[in-house]
Amino acid sequence: EKTFTGIRKVLKSDGIFFICNESNGHDKEAVKFAKIIDGMRLYDANQLRMLLSQAGFADIQADARGTWLCVRAGN
């Protein structure tokens, strides 16, 4: 949330923040790596929506296809 708040502060008033992850937060391959890579964290669409909302973003949209997850949020 702290990172997203910082991004929102420097984003233009009509700006859009876009996140595209190779992991939807639940796929087996990413979960396997998260267990062995120190500090790696996985987020699913609901978690990202919540964090972005708490950071003050609006119009948050998420699209998950296969293992990919893309999230768009307006300032």
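**Note on the predicted model: surface patch, core and salt bridges**

1. Phe33, Ile36, Ile37 and Met40 together form a nonpolar surface patch of about 350 Å². A patch of this kind takes in residues with over 30% relative accessible area and no salt bridge, nonpolar side chains (Val, Leu, Ile, Met, Phe, Trp, Tyr) being joined within 5 Å and like charges within 9 Å. Accessible areas follow the Shrake-Rupley method with a 1.4 Å probe, and for residues only the protein chains shown count as cover. Ile37 sits in the loop between α2 (28-36) and α3. Ile37 is classed as partly exposed because its relative accessibility is 40%; the classes are buried (under 20% relative accessible area), exposed (over 50%) and partly exposed in between.

2. On the basis of the note: this is a predicted model, in which local features need pLDDT of at least 70 and side-chain atom pairs count only at pLDDT 80 or more, while totals for chains, interfaces and linings use all residues. Residues are numbered from 1 along each chain as its sequence is written, and side-chain values use heavy atoms, with hydrogens and water left out.

3. The chain contains 3 helices and 3 strands, in the order α-β-α-α-β-β from the N terminus. Helices (H or I, at least four residues) and strands (E, at least two) are DSSP runs, numbered from the N terminus. Along the principal axes, the C-alpha atoms fill a box of roughly 40 × 25 × 15 Å. Of the 75 residues, 28% are buried. The chain exposes about 5,300 Å², of which carbon and sulfur atoms supply 52%.

4. The largest nonpolar core has 12 residues, among them Phe4, Phe17, Leu48, Phe57 and Val71. Such a core is a set of buried Ala, Val, Leu, Ile, Met, Phe, Trp, Tyr and Cys residues joined through side-chain atoms within 4.5 Å. Two or more core residues come from each of β1 (16-21), α3 (45-54) and β3 (68-74), with α3 giving the largest share, 4 residues.

5. Which residues does Asn24 touch, not counting residues up to four places away in sequence? They are Tyr43, Asp44, Gly66, Thr67, Trp68 and Leu69. Asn24 belongs to the loop between β1 and α2 and counts as buried because its relative accessible area is 17%. Its side chain reaches the backbone oxygen of Gly66 at 3.1 Å.

6. The structure has 3 salt bridges, a salt bridge being a side-chain nitrogen of Lys or Arg within 4 Å of a carboxyl oxygen of Asp or Glu. In one of them, Lys32 pairs with Glu29, with the closest N and O atoms 3.4 Å apart. These two residues are separated by about one helical turn, because they lie 3 residues apart in helix α2. Lys32 is partly exposed at 44% relative accessibility, and Glu29 is partly exposed at 45%.

7. Arg72 forms a salt bridge with Asp59, the closest N and O atoms lying 3.2 Å apart. This pair links distant parts of the chain, Arg72 being in strand β3 and Asp59 in strand β2 (residues 58-65), 13 residues apart. A further salt bridge joins Asp63 and Arg65, with closest N and O atoms 2.8 Å apart. Asp63 is partly exposed, with a relative accessible area of 35%, whereas Arg65 is exposed, with 61%.

Conventions
Buried < 20%, exposed > 50% of the residue type's maximum accessible area, 1.4 Å probe, protein only. Polar contact = N/O pair within 3.5 Å; in protein donor to acceptor, adjacent residues only side chain to side chain. Contact = heavy atoms within 4.5 Å.
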